Amino acid sequence: MLRRPRLARALCAAAARPAVHAVPLRLATPEALAPYGTVFTDWDAERCRLQRWPARGWRPVAAGDEAGCTSGSFTLAWSHGAHAASNSAVAHGDYVFAWSTRDAALAAAASPAPPSPPSNGSSPSPPSPSSPASADASGRGEHAYLWSEINYHACGSQLFFTPDAAVLLLLALPPPHRAPDDVRPDDFRAFYCPAGLGVNVDAFVWHSPPIATTDGQVAMRTRQARVHSKIYYDPLQEHGVLLQVPLREPSG
């Protein structure tokens, strides 16, 4: 998890109650996901698409894409109103990044230190002791509120797949007249991915870790570039906004 000062977010929350941006929800289909990547159903046949290391001058890079890919498990769970994920494919792959209420998300943002999830390979169990009254026994409510762990990879694509459960993917790609780094809250879309439908998210596409839509632990598979470059976006710090994602299948 990225370590960063929390003072700016705490001052923002104290000065004014941050806005909430309701992220549109869509069903994951090949057509809907075409701007962001591709879908698949055969995990063994799908490959991570590597990006060559960029040249800094006029001399071309002769290689720069030979570090290969890494694969592992991506475990998700809601507990006590917070959502944790553990990615065994990379170092420092444990995250607490979504909350079931706005107040819980703001409290986490104002905390002097980020939550401390378990080490890779263990069951996610966020440390927050409070469970909002509106949430069910797992702490999962009707929405997820996010400001943390939103990033893109410049080194290659990332695959997410599970045959057993539906998950949500939060994705964004600014329009062509803006650079990838100039992302805004209204660029984001949430995609409901049914069980058995994998998504291969392109490099330079903003995303959070997948979000569980049900109680209990969700075990996914992931594959990504071994370099694991990450560029971060914090909507609360940069735009004074929390992203709100509905935890349900889209209607219609």
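Is Y152 buried or exposed? Y152 is buried, with a relative accessible area of 6%; buried means under 20%, exposed over 50% and partly exposed in between, using a 1.4 Å probe on protein chains only. Before going on, note that this is a predicted model, where local features need pLDDT of at least 70, side-chain atom pairs count only at pLDDT 80 or more, and totals for chains, interfaces and linings use all residues. Residues are numbered from 1 along each chain as its sequence is written, and side-chain values use heavy atoms, leaving out hydrogens and water.

Now for the rings. The structure holds 10 aromatic pairs, meaning rings of Phe, Tyr and Trp (its six-membered ring) with centres within 6.5 Å; planes under 30 degrees apart are stacked, over 60 edge-to-face and the rest tilted. Y152 and W206 make an edge-to-face pair, because their centres are 4.7 Å apart and their planes sit at 80 degrees. That pair links distant parts of the chain, 54 residues apart: Y152 is in strand β8 and W206 in strand β13. (Strands are DSSP runs of E, at least two residues, and are numbered from the N terminus.) W206 is buried too, at 1% relative accessibility.

W206 also pairs edge-to-face with Y233, with centres 6.0 Å apart and planes at 65 degrees. Y233 lies in strand β16, so this pair ties together parts 27 residues apart in sequence. Y152, F188, F204, W206 and Y233 form one aromatic cluster.

Over in strand β12 you'll find N200, buried at 0% relative accessibility. Its side chain makes a polar contact with the side chain of S157, at 2.8 Å (a pair of N or O atoms within 3.5 Å; within protein, one must be able to donate a hydrogen and the other to accept it, and residues adjacent in sequence count only if both atoms are side-chain atoms).

Key: Helix = DSSP H or I, 4+ residues; strand = E, 2+ residues; numbered from the N terminus.
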